[in-house]
Amino acid sequence: MTTRTDSSSDVGVRPMVEADWPDVERIWAAGIATGDATFESSTSTWDVFAAGRPAAHRHVAVGGGTVLGWVACSPTSSGAVYAGVVEHSVYVAPDAQGRGVGGLLLDALVASTEAAGIWTVQSSIFLENEASLRLHLRHGFRVVGHRERVGRAAAGPAAGRWRDTLLVERRSDVVGS
Ligand SMILES: CC(C)(COP(=O)(O)OP(=O)(O)OC[C@H]1O[C@@H](n2cnc3c(N)ncnc32)[C@H](O)[C@@H]1OP(=O)(O)O)[C@@H](O)C(=O)NCCC(=O)NCCS
């Protein structure tokens, strides 16, 4: 487990296990409820979640014995050419935001994906999600596209509203260069 000390606590990152699911789902649901994290309007089951997200790249941040956040990714395509391109999600519990937990999770994701030969990690961020954009820009991601009115959420605070997203990516310097 990697650890880092900040002003408020010791936070470590370790692999996500099935027993973390209630915490992971609760933190995911809190992000969904903001209306600015994802087009998804509900969480899934552990089985569905785990089936689409490789275990080697599922991580949780833990502080004081509590799960504070998580990160996971999915392949963007089944095509061999894109075998090293994944799309991730990162969620931090509301009361743990703003103290670097998201950065620890992104660092863990970058380390595990690079170790597995993955060269590009990408995500889509709603234009309004300033915290996520700042987090990603500070951790080696760049904006590669602005998608206008790319979709409408079916439910939640932004239901029915066409939303713009920013596509961000981090291209590894050590894999496939
Ligand atoms: C986006 C998110 C993962 C960031 O994680 P975090 O641990 O709070 O990240 P950090 O502490 O490194 O903060 C990142 C930046 O956002 C700012 N920030 C964090 N929380 C914030 C908040 N609630 N409101 C405004 N700004 C915030 C921080 O000041 C920091 O900016 P800086 O680097 O310029 O100082 C977290 O806010 C979150 O889980 N949000 C809900 C789910 C979500 O939107 N996920 C991302 C989907 S793309």
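Which side chain has an N or O atom 2.8 Å from an oxygen atom of the ligand? The side chain of Asn129 does.

Some ground rules come before the points. This is a predicted model, in which local features need pLDDT of at least 70, side-chain atom pairs count only at pLDDT 80 or more, and totals for chains, interfaces and linings use all residues. Residues are numbered from 1 along each chain as its sequence is written, and side-chain values use heavy atoms, with hydrogens and water left out.

1. **The ligand site.** There are 18 residues around the ligand, and Val92, Gly100, Gly102, Asn129 and Arg138 come nearest. A residue is near a molecule if one of its heavy atoms lies within 4 Å of it.

2. In Arg138, a side-chain N or O atom lies 2.3 Å from a ligand oxygen. Val101 uses its backbone instead: an N or O atom there is 3.4 Å from an oxygen atom of the ligand. On its own the ligand has 900 Å² of accessible area, and the protein covers 74% of that. Accessible areas come from the Shrake-Rupley method with a 1.4 Å probe; for residues, only the protein chains shown count as cover.

3. **Helix α4, buried side.** Helices (H or I, at least four residues) and strands (E, at least two) are DSSP runs, numbered from the N terminus. Buried means under 20% relative accessible area, exposed over 50%, and partly exposed in between (1.4 Å probe, protein chains only). Helix α4 spans residues 130-138, and its buried residues are Ser132, Leu135 and His136. They line one face of the helix, because they fall within an arc of 90 degrees seen down the axis of α4. That arc is taken from the directions from the helix axis to the C-beta atoms. An α-helix has 3.6 residues a turn, so residues three or four places apart point the same way.

4. **Helix α4, other side and end.** Glu130, Arg134 and Arg138 are exposed, on the face of α4 turned away from its buried side. Just after α4, Gly140 takes a positive phi of about 90 degrees.

5. His136 is buried at 1% relative accessibility. Leaving aside neighbours within four places in sequence, His136 is in contact (heavy atoms within 4.5 Å) with His88, Val90, Leu106, Ile125, Phe141 and Val168.

6. **Aromatic pairs.** Rings of Phe, Tyr and Trp (its six-membered ring) pair if their centres lie within 6.5 Å; planes under 30 degrees apart count as stacked, over 60 as edge-to-face and the rest as tilted. The whole structure holds nine aromatic pairs. One of them is Trp28 with Trp70, edge-to-face, 5.9 Å centre to centre and 75 degrees between the planes. Trp28 sits in helix α1 and Trp70 in strand β4 (residues 66-75), so the pair ties together parts that are 42 residues apart in sequence. Both Trp28 and Trp70 are buried. Ring pairs also link Trp21, Trp28, Trp46, Phe49, Trp70 and Tyr91 into a cluster.

7. **Ile32.** This residue belongs to helix α1 (residues 21-34). Ile32 counts as buried, at 11% relative accessibility. Beyond four places in sequence, Ile32 is in contact with Thr38, Glu40, Ser41, Ser42, Thr43 and Tyr91.

8. **Two buried loop residues.** Asp20 lies in the loop between β2 (10-15) and α1. Asp20 is buried at 4% relative accessibility. With neighbours within four places set aside, Asp20 is in contact with Arg14, Pro15, Val60 and Val67. Ala96 lies in the loop between β5 and α3. Ala96 is buried, with a relative accessible area of 1%. Not counting residues up to four places away in sequence, Ala96 touches Leu68 and Val101.

9. **A backbone angle to check.** Arg149 is not a glycine, yet has a positive phi of about 45 degrees. Most residues other than glycine have a negative phi, and most peptide bonds are trans. Arg149 is in strand β7 (residues 142-152). Arg149 is exposed, with a relative accessible area of 53%.

Key: A polar contact is a pair of N or O atoms within 3.5 Å; within protein, one must be able to donate a hydrogen and the other to accept it, and residues adjacent in sequence count only if both atoms are side-chain atoms.
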